[in-house]
Amino acid sequence: MRLFAFAAALRRDSLNRKLLRLATQAAERAGAVLDLADFHEFDMPLYDGDVEAASGLPPGAKKLRERFLANDGFMIASPEYNFSIPGTLKNAIDWATRQQPYAWKGKPGMLLSASPSPVGGNRGLWAIRMPLEATSACLHPDMFSLPAAHEAFDETGGLKNAKLAARLDKMVAAFVGVARAIATPSTPRA
Ligand SMILES: Cc1cc2nc3c(=O)[nH]c(=O)nc-3n(C[C@H](O)[C@H](O)[C@H](O)COP(=O)(O)O)c2cc1C
C-alpha cells in the first residue's frame, strides 16, 4: 500500500507540512509506504484554456498526475484560506483534471489541516472534498484538523497534546486499514 502525500502549502515553516510529517509517520507505523512530495515540485501557471490548447498540461500538472497515478492512495494536509480551499490547490486540481482518467479516480484519500484558529482549518477541508469527490476520489469520512497549530508542536516536531497525538495516530491507522481494503493496485512504476 503506497500513499502519495503532500502539504498544499509553499511556506517554509508551514504548519501543514509539520502536521503531514506526523501523519505520514503514523501511516508508516500502520504499514503504508509513503511517497512524500513538496508542493513546490508541482509549480504551475494559473489555468488558462488558451495555454492548454497551445501546449497541453504544464510540466507541474503532469508531474502531479504521475505521482497520484503511481500510488494506491493519498494524504493531503492543506491550509484553509478564507474558509475555503487555497487557490493554489484548486488550480492544481483544475489543471490535473484536464486529462482523463482522473489521476485519483477510485483512490482512497485522507485530508488534514492545521491552522492557528480554534477550528483548525476544518471548513477548508469541506471545500477540498467537493472537487476531489466530484472527480471520483474515495475520501475517508474522518478528517483531522489541528487547532492552535502555531503552538501545538514541541521542539522535536511532535504534538504537545498527547490526546491529540493519539487521535491522529488512530485516525491515520483507520484510514490505512480502509485504504488497504479498497485500493486497486497502482500503475507499475519504472
Ligand atoms: C489568504 C489567507 C487566508 C486565510 N484564511 C484563513 C481562514 O479562513 N481560516 C483559518 O483558520 N486560517 C486562515 N488563514 C491563516 C492560515 O491558517 C495560516 O496562515 C496557516 O499557517 C497557513 O498554513 P501553513 O502554515 O501550512 O502555511 C489564512 C491565511 C491566508 C494567507
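Reader: How many positive and negative side chains does the protein chain have, and how far apart do the centres of the two sets lie?

Author: For this count, Lys and Arg are positive and Asp and Glu negative, with His and the chain ends left out. Each charge is placed at NZ of Lys, CZ of Arg, CG of Asp or CD of Glu. In this chain there are 23 positive and 19 negative side chains, and the centres of the two sets are 4 Å apart. The model is predicted: local features need pLDDT of at least 70 and side-chain atom pairs count only at pLDDT 80 or more, while totals for chains, interfaces and linings use all residues. Residues are numbered from 1 along each chain as its sequence is written, and side-chain values use heavy atoms, without hydrogens and water.

Reader: What secondary structure does the protein chain come to?

Author: Helices (H or I, at least four residues) and strands (E, at least two) are DSSP runs, numbered from the N terminus. Here there are six helices and six strands. From the N terminus on, their order is β-α-β-α-α-β-α-β-α-β-β-α. The radius of gyration is taken over C-alpha atoms, and the globule rule is 2.2 Å times the number of residues to the power 0.38. The chain has a radius of gyration of 16 Å, close to the 16 Å that the rule gives for 190 residues, so it is as compact as a globular protein of that length.

Reader: What share of the residues of the protein chain count as buried?

Author: Buried means under 20% relative accessible area, exposed over 50%, and partly exposed in between (1.4 Å probe, protein chains only). Of the 190 residues, 50% count as buried. In strand β1 (residues 2-7), five of the six residues are buried, so the strand is largely enclosed by the rest of the structure.

Reader: Which strand does β1 pair with, and in which sense?

Author: Two strands pair if DSSP finds at least two bridges between them. β1 pairs with strand β2 (residues 33-37) in the parallel sense, over five bridges. The bridge partner of Phe 4 in β2 is Asp 35.

Reader: Is Arg 129 buried or exposed?

Author: Arg 129, in helix α5 (residues 122-134), counts as buried at 8% relative accessibility. Contact means heavy atoms within 4.5 Å. Leaving aside neighbours within four places in sequence, Arg 129 is in contact with Leu 111, Ala 134, Leu 139, His 140, Pro 141 and Met 143.

Reader: What do the buried residues of α4 pack against?

Author: They pack against β1, α2 (49-55), α3 (59-69) and α5. The buried residues of α4 are Leu 89, Asn 91, Ala 92, Ile 93, Trp 95 and Ala 96. For the whole chain, residues 24 or more positions apart account for 78% of the contacts with a separation of 6 or more.

Reader: What is the general rule for phi and for peptide bonds?

Author: Most residues other than glycine have a negative phi, and most peptide bonds are trans. In this model the peptide bond from Gln 100 to Pro 101 is cis, with omega near -5°. Pro 101 is in the loop between α4 (87-96) and β4 (108-114). Ser 136 is not a glycine, but has a positive phi of about 75°. Ser 136 sits in the loop between α5 and β5 (138-139) and is partly exposed, with a relative accessible area of 32%.

Reader: Where is Ala 148 found?

Author: Ala 148 is in the loop between β6 (144-146) and α6 (162-182). Although not a glycine, Ala 148 has a positive phi of about 45°. Ala 148 is partly exposed, with a relative accessible area of 25%.
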